[in-house]
Amino acid sequence: MRITTYRLHLTDDLKNRIVKESAQNIPEITKISGPQDITDLMNRAFRLNQQAEEYLYLLCMNNKNKLIGVFELSHGSVNYTIMSTRSIFIRAVLCAAVKISLVHNHPGGDVYPSAEDIRITKRVREAGELLEITLVDHIIIGNGYYSFLENKRI
């Protein structure tokens, strides 16, 4: 099976934004039924549990939880990465997502969310409500995973 990943690029004249598309082989998960599916997907496809630096990904789904796109939103340092609510929703709208999930890793292994993780999750959930795009979950991967949904924080 193949998964579509996207990257935004500028044209040579720096005025027109275009979307470049690529695909790669992934495990046989296309319908997301819970946090474990997402964790398995991200660990197999992107080795998120083995990364030495923080990565933040956006998973876009249709109304039946079928995965329709994956975006790498940012790549940071050993304990920090930058996230923009605007960037999340630009990408979600580009692939006509109805639902989204955020996934990032904690290279140190501790999956408990930081105060900033909690603040960002709340902000993205609220922005999604305005755009009618549901934030299904925010998952932190390290030694195991932490799901905001499972822990009733969404």
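**Exercise 1. Work out how strand 6 sits among its neighbours: which strands pair with strand 6, and in which sense?**

Step 1. Start with strand 5 (residues 99-105): strand 5 and strand 6 run parallel and share seven bridges. Two strands count as paired if DSSP finds at least two bridges between them. Helices (H or I, at least four residues) and strands (E, at least two) are DSSP runs, numbered from the N terminus. A quick word on the model: it is predicted, so local features need pLDDT of at least 70 and side-chain atom pairs pLDDT 80 or more, while totals for chains, interfaces and linings use all residues. Residues are numbered from 1 along each chain as its sequence is written, and side-chain values use heavy atoms, leaving out hydrogens and water.

Step 2. Pick out a residue pair: H104 has I140 of strand 6 as its bridge partner.

Step 3. Now try strand 7 (residues 144-147), which pairs with strand 6 in the antiparallel sense over four bridges. The link from strand 6 to strand 7 is a hairpin through one residue.

Step 4. Check the cover. Seven of the nine residues of strand 6 (residues 134-142) are buried. Buried means under 20% relative accessible area, exposed over 50%, and partly exposed in between (1.4 Å probe, protein chains only).

**Exercise 2. Look at both faces of strand 3 and list which residues are buried on each.**

Step 1. Count first: strand 3 (residues 55-61) has seven of its seven residues buried.

Step 2. Find the partners. Strand 4 (residues 67-75) pairs with strand 3 in the antiparallel sense over seven bridges, and L59 has V70 as its bridge partner there. Strand 5 also runs antiparallel to strand 3, joined by six bridges, with M61 opposite K99.

Step 3. Inspect the turn: five residues lie between strand 3 and strand 4 in their hairpin, and N65 takes a positive phi near 65°.

**Exercise 3. Decide why helix 1 can be called largely enclosed.**

Step 1. Nine of its twelve residues are buried, so the rest of the structure largely encloses helix 1.

Step 2. Name some of them: the buried residues of helix 1 (residues 35-46) include P35, I38, L41, M42 and F46.

Step 3. Look past the end, where R47 follows helix 1 with a positive phi near 50°.

**Exercise 4. Find the aromatic pair made by Y112 and Y146: what is its geometry?**

Step 1. The structure holds four aromatic pairs. Rings of Phe, Tyr and Trp (its six-membered ring) pair if their centres lie within 6.5 Å; planes under 30 degrees apart count as stacked, over 60 as edge-to-face and the rest as tilted.

Step 2. Y112 and Y146 are edge-to-face, 5.8 Å centre to centre with 70° between the planes. Y112 is in the loop between strand 5 and helix 3 and Y146 in strand 7, so the pair ties together parts 34 residues apart in sequence.

Step 3. Compare exposure: Y112 is exposed at 52% relative accessible area, whereas Y146 is buried at 9%.

Step 4. One more group to spot: F46, Y55 and Y57 form one aromatic cluster.

Note on methods:
Expected span 1.5 Å × (residues − 1).
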